[in-house]
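Please look over the protein chain shown here before reading on.

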Amino acid sequence: MEKIKSIRKLVTVNDEEVYTITIVPIDDSTGRKTFKGIKVNMLDKNGDHFAQDTFPSTVNPGIVRAWIVNMHNASNKIENMMVEFDKWDGELNEYW
């Protein structure tokens with residue numbers, strides 16, 4: 001079977017953030033490269049781990065692109081939640 005090479009690319013999401021995306025073929029138990037699937041690693045601009053997921057070999061490239069955008073947006077949402085939680089006075093009223 002032919003050797004499948006990993007791919008590394010700089011990706012800019014929403015003209016805001018640049019991530020290093022690496023797509024690696026998944027090895028089978030014998031150590032040969034197969035078409036069983038891919039592992040996608042996402043590093044932030046500092047080279048720190050940001051997100052990782054695996055996809056089957058039948059995945060559409062658009063699904064991987066959507067996953068990258070969703071991971072970026074999730075990071076922004078979590079950051080916003082953390083800021084709001086920090087501002088919160090810690091009181092719960094009868095409406096909660």
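What follows covers confidence, strands, salt bridges and a surface patch.

This is a predicted model, in which local features need pLDDT of at least 70 and side-chain atom pairs count only at pLDDT 80 or more, while totals for chains, interfaces and linings use all residues. Residues are numbered from 1 along each chain as its sequence is written, and side-chain values use heavy atoms, with hydrogens and water left out.

**Confidence**

- The mean pLDDT of the protein chain is 87, and 88% of its residues reach 70 or more, where pLDDT is the predictor's confidence in each residue, from 0 to 100.
- Confidence is highest in strand E1 (residues 7–13), at a mean of 95, and lowest in E3, at 82; helices (H or I, at least four residues) and strands (E, at least two) are DSSP runs, numbered from the N terminus.

**Strands**

- E1 and E2 run antiparallel and are joined by seven bridges, and two strands count as paired if DSSP finds at least two bridges between them.
- One of the residues involved is Ile-7, whose bridge partner in E2 is Ile-23.
- The two strands E1 and E2 make a hairpin with three residues between them, and in the turn Asn-14 has a positive phi of about 55 degrees.

**Salt bridges**

- The count comes to two salt bridges, under the rule that a side-chain nitrogen of Lys or Arg lies within 4 Å of a carboxyl oxygen of Asp or Glu.
- One of them joins the side chains of Lys-45 and Glu-17, at 4.0 Å from N to O, and this pair links distant parts of the chain, 28 residues apart, with Lys-45 in the loop between strand E3 (33–43) and strand E4 (49–56) and Glu-17 in strand E2 (residues 17–27).
- Lys-45 is exposed, with a relative accessible area of 62%, whereas Glu-17 is partly exposed at 22%; buried means under 20% relative accessible area, exposed over 50%, and partly exposed in between (1.4 Å probe, protein chains only).
- Lys-87 and Glu-84 also meet in a salt bridge, at 3.6 Å from N to O, and both lie in helix H1 (residues 61–87), three residues apart, about one turn of the helix.

**Surface patch**

- Ile-78, Met-81, Met-82, Phe-85, Trp-88 and Leu-92 form a nonpolar patch on the surface, with about 670 Å² of accessible area together, as given by the Shrake-Rupley method with a 1.4 Å probe, where for residues only the protein chains shown count as cover.
- Patches are made of residues with over 30% relative accessible area and no salt bridge, like charges being joined within 9 Å and nonpolar side chains (Val, Leu, Ile, Met, Phe, Trp, Tyr) within 5 Å.
- Leu-92 lies in the segment after H1 and is exposed, at 63% relative accessibility.
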